[in-house]
Amino acid sequence: MESGYSRVDEEIHPQLLDLIPKERNWFVKRDDDHNIEGRSRSRHGNGDEKKLELRLGPPGVEDWSLSDTPKSYKSPAKASANVPNTSQKRSAPAPVVGWPPIRSFRKNIASSSSKQAPPSDSQNVVVPDNVAKKEKTMETCQKGFFVKINMNGVPIGRKVDLNAYDSYEKLSTAVDELFRGLLAAQKDTSGNQEQEKAITGLLDGCGEYTLVYEDNEGDRMLVGDVPWHMFVSTVKRLRVIKTSEISNICLGSKQVKIRH
Amino acid sequence: MAYSFPEEVLEHVFSFLSSEKDRNAVSLVCKSWYEMERWCRRRIFVGNCYAVNPKIMIRRFPEVKSVELKGKPHFADFNLVPEGWGGYAYPWIVEIARGYPWLEEIRLKRMVVTDESLELISKSFKNFKVLVLSSCEGFSTDGLAAIAANCRNLRVLELRECEVEDLSGHWLSHFPDSFTSLESLNMGCLNSEVSFSALERLVARSPNLKTLRLNRAVPLEKLPTLLQLAPQLVELGTGSYSAEIRSDLCSSLLEAFSRCKNLKGLSGFWDVVPAYLPAFYSMCPRLTFLNLSYATTQSPDLTKIVSQCHNLQRLWVLDYIEDTGLNALSMSCKDLQELRVFPSDPFVADANVLLTEQGLVSVSEGCPKLQSVLYFCRQFSNSALTTIAKNRPNLTTFRLCILEPRAPDYLTFEPLDSGFGSIVQHCKNLRRLSLSGLLTDRVFQHIGTHAKKLDMLSIAFAGDSDLGLHYVLSGCESLRKLEIRDCPFGDKALLANADKLETMRSLWMSSCAVSFGACKVLGQKMPGLNVEVIDERENLDSIPHNSPVEKLYIYRTVAGERFDMPHFVRTMGKDNRRFK
């Protein structure tokens with residue numbers, strides 16, 4: 001029976017069951033009590049010896065990766081559901097579903113201590129498939145959804161957290177804030193401080209620049225056509241390109257489609 | 001009875017009884033008291049939404065103003081309850097909307113709450129005042145928008161650790177300009193950014209606002225503005241506590257905090273930039289509650305903070321505080337009643353964090369009022385447990401989680417039986433206990449013998465045999481909630497103590513050794529129980545009867561078996577029901 005306890009218990013069980021009367025009287029005779037304890041003690045005695053043999057460090061130093069780690073965390077269910085064979089990055093034993101007992105939003109605190117870093121893979125949190133997706137989404141949501149954004153003419157890209165906005169207008173404003181200074185710095189060749197010019201009209205084709213994005217199918221698309229949350233669910237990266245270049249792209253490349 | 005008081009007098013007397021236990025007792029005295037009490041009961045608490053159905057509740061208590069419901073079992077918090085299990089609020093809301101049009105308060109915990117439910121709430125109760133959703137899921141910010149738009153007299157809107165489908169922050173803007181009654185707003189678990197100007201205006205027109213818990217998306221730069229508008233705040237949850245270091249922000253934060261003379265509780269502190277921590281030092285001596293469990297700042301900063309919080313009663317913190325910080329806590333915070341220490345990096349074997357059993361031992365020595373402990377750490381010993389037990393016999397809640405399952409006493413390699421034994425022996429008022437580490441049946445013998453006031457027990461990776469479970473079920477007289485995972489407990493103990501289960505709210509067992517056959521027998525013999533097997537394997541019907549179930553949830557009920565279950569949940573043994 002795979003129920004998370006060691007095989008030694010199966011040796012105990014037959015004897016124990018014999019000792020217990022069929023009726024509901026569970027008050028076992030003193031002898032049996034001692035037997036049970038004796039058995040438990042000796043089992044742990046053996047355990048002691050085992051641990052002494054395996055322990056490499058001085059007493060008090062925990063070295064549980066070498067010790068007799070529990071035989072299995074398997075429930076009667078398919079083992080793969082609960083104990084994955086994913087590679088472990090650290091020397092901890094295989095992660096167990098729901099252990100340690102902390103809420104999902106308290107996991108990965110150490111790894112996300114740099115502000116709102118994108119979630120490090122959720123592989124160190126193992127859950128059955130039906131929950132994993134939802135959890136992963138939750139963790140992604142909670143940590144911020146960052147996509148790269150580049151601007152033509154600016155060699156350094158930025159990253160923008162799309163979870164921080166709920167509309168195209170706000171995104172457009174954010175893009176302006178991100179790149180206004182950088183763009184001005186690029187244009188400035190004479191060493192004089194050039195006036196920073198606002199980047200406007202990103203969404204309606206009227207400005208000098210237009211916002212486009214690459215979606216999950218690899219296509220390059222104009223930003224603004226679909227409802228915001230649909231956009232957020234398909235966008236992979238953003239790009240600010242010169243509005244005049246759009247027609248060049250249409251004429252030049254077969255791979256890039258721009259749909260109106 | 002000819003000599004009893006007139007009804008009005010009795011009603012008046014009963015109105016002073018607020019505890020539901022007292023009211024339940026009163027209602028059992030005689031028929032006339034039962035009748036009188038049911039008409040003047042105003043608050044209902046239903047600990048398991050499947051234990052009773054709403055029609056029964058409304059029929060018995062016609063004039064209720066406040067309803068509190070709990071749904072899923074506690075282990076749902078740790079993903080042990082599969083999606084779709086149940087706990088739906090909607091059927092309750094529908095009945096309550098019909099039966100209690102003057103309802104003022106709804107509190108739900110671990111329930112599935114849909115946008116339809118929220119809309120129904122917002123439109124059904126003219127005098128609705130309080131909505132608290134804890135660990136709920138199933139709704140989006142659209143539902144919140146309905147609440148904001150329609151609940152004219154709302155005082156409290158608290159979302160505690162809920163999973164919300166965050167479509168946008170626009171919901172907050174739905175509070176009308178005429179809405180000024182807000183006293184408490186907790187949106188800490190939401191992700192998207194709300195319109196800051198809408199938030200600002202809401203705070204400005206809410207003179208009674210006492211509790212404000214912001215979400216992470218509210219930047220630190222905006223905090224001073226909000227505090228200036230609400231200097232009367234008693235509880236504040238900051239948003240992200242991070243910004244580029246600017247002296248003007250430092251000083252405006254400092255100034256804003258110092259104006260909040262009533263501030264007693266602080267939380268939030270995501271993304272802490274330590275340079276901004278001193279901004280609230282002036283508040284520390286007044287604080288009674290401090291939640292730093294998201295503050296990823298190191299021991300020296302944390303120590304500095306707690307050392308100034310001389311009136312602190314409750315502290316939640318990460319293990320970054322380390323033993324040294326806890327030692328400082330034990331010397332500075334003599335009023336401490338509750339301590340929770342969470343793991344910063346629970347999935348590594350070695351975390352480079354110097355938090356050991358010693359930290360908790362220090363606090364148990366130095367804090368005479370310590371009652372409630374939740375402690376995650378990597379090592380413990382019997383001697384430490386015994387010391388803690390002797391230091392603090394007044395403990396009522398003791399939840400120890402040693403991160404490695406079945407970890408023995410790190411000094412002696414023995415099981416931790418005697419240590420936990422000391423806890424139950426000395427702490428005679430212990431109501432809640434969570435065990436961890438290497439444990440044999442012995443510890444359950446101690447628990448069954450001594451833990452007579454124990455109300456809730458959580459067990460994982462422990463015990464040797466059915467005897468362990470038997471000790472608990474037969475010995476713990478006050479036990480109402482028992483949750484067990486990965487223990488070798490099987491049919492015998494369960495069947496032998498079937499009667500006990502009817503005195504409890506619920507029993508959860510997962511990855512144990514209880515068979516389908518035993519569940520069926522139990523369900524057949526005990527009509528007052530629902531014995532639900534949760535098992536996601538295919539071909540469930542072809543699994544032999546003596547094979548163990550994946551998960552088992554048993555609860556007492558007067559509502560009969562439920563019919564809103566997914567395919568992987570079955571109520572066992574109900575084909576021979578004698579009642580409808």
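Trainee: How do the lining residues of the second largest pocket divide into nonpolar, polar and charged?
Mentor: The lining has 10 nonpolar, six polar and 11 charged residues. Keep in mind that this is a predicted model.

Trainee: Which residues lie nearest the centre of that pocket?
Mentor: E20(B), N24(B), F45(B), G47(B) and R556(B), out of a lining of 27 residues. Two or more lining residues come from each of α2 (20-27), β1 (43-46) and α4 (54-60) of chain B.

Trainee: And how much space lies in it?
Mentor: About 1000 Å³ for the second largest pocket.

Trainee: Where does F269(B) lie, and is it buried or exposed?
Mentor: F269(B) is in the chain B loop between β11 (265-267) and β12 (289-292). It counts as buried because its relative accessibility is 0%, and the cut-off for buried is under 20%.

Trainee: What about N539(B), buried or exposed?
Mentor: Exposed, because the relative accessible area of N539(B) is 59% and exposed means over 50%. N539(B) also has a positive phi, about 55 degrees, without being a glycine. Its place is the loop between β21 (529-534) and β22 (551-556) of chain B.

Trainee: Over to chain A. Which residues does the cis peptide bond join there?
Mentor: W99(A) and P100(A), with omega at about -5 degrees. Most peptide bonds are trans.

Trainee: Where is P100(A) placed?
Mentor: In the loop of chain A between α3 (79-82) and α4 (129-143).

Definitions and conventions
Residues numbered from 1 in each chain as written. Chains lettered and ligands numbered in written order. Predicted model: local features only at pLDDT ≥ 70, side-chain atom pairs only at ≥ 80, totals over all residues. Heavy atoms only, no water. Helix = DSSP H or I, 4+ residues; strand = E, 2+ residues; numbered from the N terminus. Buried < 20%, exposed > 50% of the residue type's maximum accessible area, 1.4 Å probe, protein only. 1 Å grid on protein atoms, 1.4 Å probe; cavity = no way out; pocket = protein on both sides within 12 Å on 5 of 7 lines; lining within 4 Å. Points joined across faces, edges and corners; volume = space filled by probe spheres on them. Nonpolar A, V, L, I, M, F, W, Y, C, P; charged D, E, K, R; others polar.
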